[in-house]
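Hi,

Here is the structure we talked about. Please look it over first; my notes follow below.

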Amino acid sequence: MLLQETVHPLAETAARFVWWLPTLPLIGFVINGLLSLQAATKLGPADPSADADHAHAGHGAHAHDAHDAHAHDAHAHDAHDAHPPRHRYAAITSIIGPGVLIASFVLALAMFFAMRGVEADAPFVSRLFSWMPVGDFKLDAALQLDALSMVMVLVITGIGSLIHVFSVGYMQDDPGYPRYFAYLNLFVFFMLLLVLGANYVVTFVGWEGVGLCSYLLIGFWFSEQANADAGKKAFVVNRIGDFGFMVAMFLLFAHLGTLDYTAIAANAGTLEPGGAVVTAICLFLFIGCTGKSAQIPLFTWLPDAMAGPTPVSALIHAATMVTAGVFLIARSSVLFSLAPVASLTVALVGGLTAIFAASIGLKQWDIKKVLAYSTVSQLGYMFIGVGVGAYTAGVFHLVTHAFFKALLFLGSGSVIFAMHRAYHATHNHGDDAQDMRNMGGLKAMMPVTWTLLWIATLAIAGVPPFSGFFSKDEILSAAYSRAHESTLADASLLGMSGSTVLYLVWILGLASALITAIYMTRMMLYTFHGPNRTDEKSRPHLAEAPWVMTGPLVVLGVLSLFGGWLNLPEVITHMVPLGPAETLEHWLEPVVGEATARVSGGAAHVAVSTEQMLIAGAIVIAIAGIAIAKARLKPEALLTKDASEPSRGFERILERKWYVDEIYDALVVRPIHALSRSVLWKGVDVGLIDTLGANGSAAVTRFAGWIGSQLQTGRVGTYAWLLVIGAVVVLRAFTAGN
Amino acid sequence: MLVESLTLSAALFTIGVIGVLTRRNAIIVFMCVELMLNAVNLSFVALSKLYGATGQVFVIFVMTVAAAEAAVGLAIIIAIFRHKKSVNLQDINLLRG
């Protein structure tokens with residue numbers, strides 16, 4: 001076995017340092033964490049956290065985002081001009097936090113160019129050490145570098161670097177500055193472990209680790225109950241999904257005897273195609289994905305996760321962690337291509353989630369909540385992609401979404417930052433800085449953010465030539481062509497033929513594309529257009545964020561604009577010579593090519609004319625969505641909360657998010673509470689364990705002790721009697737033999 | 001002769017044991033203990049005819065220890081009497097837990 005192993009062509013290149021990719025952020029975590037602990041144990045006079053001004057941090061519904069602004073001197077009215085006290089270690093953290101990420105990104109780039117230089121179909125596996133050698137079962141702590149993990153690593157470290165730099169500005173006055181960067185670095189470490197793992201277990205370690213960091217960062221401002229609760233909710237809901245992931249691993253091990261990706265890809269042929277085993281494995285994996293990637297029915301944690309700092313929402317809850325589910329399915333594409341029923345389920349759940357979340361996004365007022373539901377909806381798109389067996393399309397949308405959604409979140413962060421500064425300067429603590437009804441007309445004050453957010457909006461709405469158009473169109477045309485002819489179309493799900501399911505998914509995708517265009521335009525109109533609705537006093541304080549924040553936005557803007565060039569469809573390059581077609585498709589060919597071909601059955605594309613029709617339809621839908629929103633939301637229709645009437649009927653249902661949280665509360669949370677209280681607490685704990693176990697054994701011991709105590713009378717006579725009796729017994733015993 | 005001596009010794013020892021077990025008065029219990037000691041002494045002396053003088057030497061030891069024990073024991077009884085105005089063993093139960 002060992003003798004047959006030839007040296008991988010990448011082993012001589014930068015790729016042999018692959019373990020440095022996650023190690024660098026880990027070093028950053030250790031340093032920043034130690035600085036944070038050091039500052040926490042020894043408060044200095046210059047330390048913002050020792051500052052009494054922070055006692056008033058925490059009023060208003062969304063004061064969590066206010067901390068940056070609250071660090072200002074409360075008595076200075078022109079506070080935004082004064083230099084607020086920064087954290088003692090702010091300078092060193094500002095270098096190390098983003099620094100390790102940029103170093104990681106540079107290393108990843110070196111690996112990328114090394115990979116382009118060599119022809120290698122087999123993934124490069126770097127074994128660090130033997131982790132769990134148990135009998136026949138051998139598990140290595142190993143990292144796997146192939147086309148798919150390379151794409152993910154570039155997205156994570158690249159977007160991650162930009163968001164780290166943005167955070168330097170956004171979090172500048174926060175008393176927990178090094179702690180924030182410590183968590184953020186730790187997150188990147190686990191995320192890289194997730195995508196680089198060479199087997200399911202290493203991936204699972206990363207999977208759990210990013211969940212932990214997500215929890216820590218959602219509850220970053222934990223002194224407020226709502227934030228701590230949101231973190232807890234994310235953690236608990238994710239745990240339900242993790243159960244699915246673990247069962248899938250157990251099943252894989254039971255039936256294939258290995259958890260290595262390469263070995264599974266080689267042995268997957270031994271599983272019966274479409275059989276119960278592979279279907280069960282894939283469905284359990286998908287349960288894991290619904291938790292991490294916020295799909296129906298486990299999506300409710302993601303909107304609440306907006307309680308964290310806005311850059312965290314951009315990095316974890318939009319660009320990277322939540323796409324882990326899509327990555328996992330692409331990584332397991334060999335298995336999913338063997339399980340049409342599971343794939344159809346993935347596509348259907350993705351389609352339903354896409355339209356469901358998009359419909360909620362129509363009536364949200366919190367700018368971050370709009371983006372949160374938009375993320376859930378776009379993740380649904382990615383699942384349509386990987387569900388219909390167009391794994392490249394799913395990963396492509398993952399990448400472009402990382403570009404434009406990170407831009408949208410950071411842009412909204414920039415807006416919130418400006419709003420908070422303005423409100424803080426005028427001591428306005430009554431108005432919500434994240435409510436779009438309090439914004440409006442920001443175009444004049446924040447031209448850079450305005451321009452870049454429009455780019456992102458056009459990208460997500462699917463207007464050519466922005467990146468989202470290409471990726472979304474590829475997913476939709478894949479769904480349509482697979483419905484036409486594929487192994488999925490021949491299968492059936494819930495009594496419907498696969499073809500019907502896929503046409504349904506395609507229609508759901510088209511409908512949510514329309515809704516996406518509407519709610520994104522609505523968000524832009526409310527935020528940047530029409531008259532300004534901020535109060536008179538605060539208005540002059542509204543201003544563009546510093547360059548350390550707008551700089552990353554510009555880079556993301558360029559990526560959102562040109563991200564589509566990663567994978568231009570052939571049908572377009574034939575008409576307009578934009579550049580090489582299907583670059584990403586060729587790049588990912590070694591990883592997902594076989595699985596894609598198995599699903600599509602060779603018929604990769606529908607007729608060119610049909611494809612042109614589909615593209616034209618997508619463009620019309622995107623533009624129609626924007627036009628509808630513009631027509632319905634005239635400048636005079638944009639009102640503050642007090643001025644507008646409360647919503648009624650269906651609008652109210654959307655505003656209250658289809659009452660999903662309330663339904664879950666009634667169906668799951670309350671029954672569990674009741675069960676825990678009446679049966680587990682009063683019955684099992686108090687009744688069984690306390691009465692029989694704890695108090696019962698105590699009573700038995702006390703009774704035995706009482707019997708013993710009765711022997712001790714204190715009378716010499718009794719003892720003499722016992723002595724004599726004992727002597728006689730001993731004598732008798734000694735003489736018994738005679 | 002040996003048989004008679006040992007029989008007497010056993011009888012004296014039994015009387016002593018019964019006295020220790022049944023009597024309430026500390027002085028009488030004490031006398032009974034002395035009786036048991038002397039019963040043992042008698043056995044030693046009688047058996048020395050068979051096993052040599054070692055038994056006779058032991059008797060001297062026992063008598064010495066008995067004298068010392070008598071002194072200590074009587075002193076304790078007097079101390080108890082001063083404290084409780086009684087030498088009845090039923091009244092002495094300070095060891096009760």
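A residue is called buried here if 20 or more other C-beta atoms lie within 10 Å of its own, and exposed if 12 or fewer do. Keep in mind that this is a predicted model.

Start with helix H1 of chain B, residues 2-22. Its buried residues are Ser9(B), Gly16(B), Val17(B) and Val20(B). These four sit on the same side of H1(B), because they cover an arc of only 100 degrees around the axis. The face turned away from that buried side carries exposed residues: Val3(B), Glu4(B), Thr7(B), Ala11(B) and Ile18(B).

What covers the buried side? The cover of the buried residues of H1(B) includes H28 of chain A and helix H2 (26-51) of chain B.

At 1.5 Å a residue, its 21 residues should span 30 Å, and the end C-alpha atoms are 30 Å apart, so the two agree.

Now the contact between the chains. Chain A gives ten residues and chain B gives eleven. On the chain A side, helix H28 (residues 716-735) supplies the largest share, five residues. By class, that side has four nonpolar, five polar and one charged residues.

Last, chain A as a whole. It has 28 helices and four strands. Its C-alpha trace spans about 120 × 70 × 55 Å along the principal axes. Of its 738 residues, 52% are buried. Among contacts between residues at least 6 apart in sequence, 81% join residues at least 24 apart.

Best wishes

Definitions and conventions
Residues are numbered from 1 along each chain as its sequence is written. Chains are lettered from A and ligands numbered from 1 in the order in which they are written. This is a predicted model: local features need pLDDT of at least 70, side-chain atom pairs count only at pLDDT 80 or more; totals for chains, interfaces and linings use all residues. Two residues are in contact if their C-beta atoms, placed from the backbone, lie within 7 Å. Helices (H or I, at least four residues) and strands (E, at least two) are DSSP runs, numbered from the N terminus. Ala, Val, Leu, Ile, Met, Phe, Trp, Tyr, Cys and Pro count as nonpolar, Asp, Glu, Lys and Arg as charged, and the others, Gly among them, as polar. The expected span of a helix is 1.5 Å times one less than its number of residues. The arc is that of the directions from the helix axis to the C-beta atoms.
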